[in-house]
Amino acid sequence: MSAYITVPVASEETGVSRLLIEAAIREGDIPAWKYDGQAVVMRSDVEKYKARILAERGCDECDQ
């Protein structure tokens with residue numbers, strides 16, 4: 001199940017730094033929307049981004 005969450009919550013729940021998420025949003029790698037003055041993302045998009053980054057880095061344990 002995927003949920004719309006704020007960037008700080010996405011960072012806490014996925015282990016991806018807030019700064020990295022914000023950079024990915026600016027680059028168009030993670031879609032984001034504004035809600036009530038805050039950027040919100042889908043948790044599944046952040047998890048997919050994390051998996052892609054780990055795979056690009058040659059991670060041996062990318063199934064986390």
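How many salt bridges does a search of the whole structure find? The search finds 5. A salt bridge here is a side-chain nitrogen of Lys or Arg within 4 Å of a carboxyl oxygen of Asp or Glu. Before looking at them, take in the model as a whole.

This is a predicted model, in which local features need pLDDT of at least 70 and side-chain atom pairs count only at pLDDT 80 or more, while totals for chains, interfaces and linings use all residues. Residues are numbered from 1 along each chain as its sequence is written, and side-chain values use heavy atoms, with hydrogens and water left out.

The protein chain has 3 helices and 3 strands. Along the sequence they follow the pattern β-α-α-β-β-α. Both kinds of element are DSSP runs numbered from the N terminus: helices are H or I with at least four residues, strands are E with at least two. The chain has 64 residues, and 27% of them count as buried. Buried means under 20% relative accessible area, exposed means over 50%, and partly exposed lies in between (1.4 Å probe, protein chains only). The chain exposes about 4600 Å², and carbon and sulfur atoms supply 50% of that. These areas come from the Shrake-Rupley method with a 1.4 Å probe; for residues, only the protein chains shown count as cover.

Now go inside. The largest nonpolar core has 11 residues: Ile5, Val7, Ala10, Val16, Ile21, Ala24, Ile30, Val41, Val46, Tyr49 and Ile53. Such a core is a set of buried Ala, Val, Leu, Ile, Met, Phe, Trp, Tyr and Cys residues joined through side-chain atoms within 4.5 Å. The largest share, 3 residues, comes from α3.

Alanine 10 is one member of this core. Leave aside its neighbours within four places in sequence, and alanine 10 is in contact with Ile5, Gly15, Ile21, Val41 and Val46. Contact means heavy atoms within 4.5 Å. Across the chain, take the contacts between residues at least 6 apart in sequence: 49% of them join residues at least 24 apart.

Next come the rings. The structure holds 1 aromatic pair. Rings of Phe, Tyr and Trp (its six-membered ring) pair if their centres lie within 6.5 Å; planes under 30 degrees apart count as stacked, over 60 as edge-to-face and the rest as tilted. The ring centres of tyrosine 4 and tryptophan 33 are 5.6 Å apart and their planes stand at 75°, so this pair is edge-to-face. Tyrosine 4 belongs to strand β1 (residues 4-6) and tryptophan 33 to strand β2 (residues 33-35), so the pair ties together parts that are 29 residues apart in sequence. Tyrosine 4 is exposed at 57% relative accessibility. Tryptophan 33 is partly exposed at 40%.

Back to the salt bridges. In helix α2, arginine 18 and glutamate 22 are 4 residues apart, or about one helical turn. Their closest N and O atoms are 3.0 Å apart. Helix α3 holds arginine 43 and glutamate 47, again 4 residues apart. Here the closest N and O atoms are 2.6 Å apart. These two residues also join Glu13 in a network of salt bridges. Arginine 43 is partly exposed at 24%, and glutamate 47 is partly exposed at 36%.

Helix α3 also holds arginine 52 and glutamate 56. Their side chains meet in a salt bridge at 3.6 Å, N to O. Arginine 52 is partly exposed at 36%, whereas glutamate 56 is exposed at 59%.
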